[in-house]
Amino acid sequence: VEGMLTLQPEIGQAMVYGDRRPHLVALLVPDPEFAQSLKGDEGAIKAQLQKAVDRVNADLSVIEKVRRFTIADEPFAVENEQMTPSMKIRRHVIKARYGDRLDALYGK
């Protein structure tokens, strides 16, 4: 699912979260050029990201669909320790940083 999300032009990076949860949620990093084209308009960025998630969800089964998402404050990188040197997402580091926001997606 993460791979399908990152194939969308609006999404630069994605982490899907939801192990032992009722449904999946995602932490998305907008593509820098896409975000720049909207001049940082948070509402417009979120609306376009929702359309990208909807396009991906159209090809997924019910249990694979991403129901809600939040936007990361910065890209995942080796420098901020959110990625390994081999460019894999460090889920435990990202969960520690964004865990409250991800958990809040289940409360709505």
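**A walk through the model**

Modeller: Let's begin with Q8, which is in the loop between α1 (2–6) and β1. Keep in mind that this is a predicted model.

Biologist: Is Q8 buried or exposed?
Modeller: Q8 counts as buried, because its relative accessibility is 15% and the cut-off for buried is under 20%.

Biologist: And which residues does Q8 touch, not counting those up to four places away in sequence?
Modeller: Q8 touches A52, R55 and V56. Look at V53 as well: Q8 and V53 are 45 residues apart along the chain, and their C-alpha atoms are separated by 8.4 Å.

Biologist: Which helix is that part of the chain in, residues 42–57?
Modeller: Residues 42–57 form helix α3, which lies across β1, β2 and β3. Against β3, helix α3 runs at about 150 degrees.

Biologist: OK, strands next. What order do they have in the sheet?
Modeller: The order is β1-β2-β3, in an open sheet of 3 strands with mixed pairing. β1 and β3 are the edge strands, each pairing on one side only. On average, neighbouring strands of this sheet are turned by 30 degrees against each other, direction ignored.

Biologist: Mixed how? Which strands run antiparallel?
Modeller: β1 and β2 run antiparallel, joined by 6 bridges. β2 and β3, on the other hand, pair in the parallel sense over 5 bridges.

Biologist: How many residues of β2 are buried?
Modeller: In β2, 7 of its 7 residues are buried. Both faces are covered, with L24, A26, L28 and P30 on one side and V25, L27 and V29 on the other. For β1, 6 of its 7 residues are buried.

Biologist: What sits between β1 and β2?
Modeller: β1 and β2 form a hairpin with 6 residues between them. In the turn, G18 has a positive phi of about 160 degrees. R20 also lies in the loop between β1 and β2, and R20 has a positive phi of about 60 degrees although it is not a glycine.

Biologist: Is R20 buried or exposed?
Modeller: R20 is exposed, because its relative accessible area is 78% and exposed means over 50%.

Biologist: Which other non-glycine has a positive phi, say about 65 degrees?
Modeller: That would be E81, with a positive phi of about 65 degrees. E81 lies in the loop between β3 and α4, and at 49% relative accessibility it counts as partly exposed.

Biologist: What about Q82, buried or exposed?
Modeller: Q82 is buried, with a relative accessible area of 1%. Q82 lies in the loop between β3 and α4. Leaving aside neighbours within four places in sequence, Q82 is in contact with a list of residues including E74, P75, F76, I94, R97 and Y98.

Biologist: Y98, you say. Where is the kink in helix α4 centred?
Modeller: The kink in α4 (residues 91–107) is centred on Y98 and is about 75 degrees. Y98 is also one of the buried residues of α4, along with I94, G99, L102, L105 and Y106.

Biologist: What covers those buried residues?
Modeller: The cover includes β1 (11–17), β2 (24–30) and β3 (66–71). Helix α4 lies across β1, β2 and β3, running at about 115 degrees to β2.

Biologist: Changing topic: which residue lies over the face of Y106?
Modeller: R21 does, at 4.4 Å from the ring centre of Y106. There is also K46, whose charged end sits over the ring of F69, 5.1 Å from its centre.

Biologist: And how many aromatic pairs does a search of the whole structure find?
Modeller: The search finds 1 aromatic pair.

Biologist: Great, I'll go and click through those residues. Thanks!
Modeller: Enjoy!

Methods. Residues numbered from 1 in each chain as written. Predicted model: local features only at pLDDT ≥ 70, side-chain atom pairs only at ≥ 80, totals over all residues. Heavy atoms only, no water. Bend = angle between axes of the 7 residues up to and from the residue. Helix = DSSP H or I, 4+ residues; strand = E, 2+ residues; numbered from the N terminus. Buried < 20%, exposed > 50% of the residue type's maximum accessible area, 1.4 Å probe, protein only. Contact = heavy atoms within 4.5 Å. Phe/Tyr/Trp six-rings, centres within 6.5 Å; stacked < 30°, edge-to-face > 60°. Lys NZ or Arg CZ within 6 Å of the ring centre and 35° of its normal. Pairing = 2+ DSSP bridges. Axes fitted to C-alpha atoms, helices over the stretch in contact; angles between N-to-C directions.
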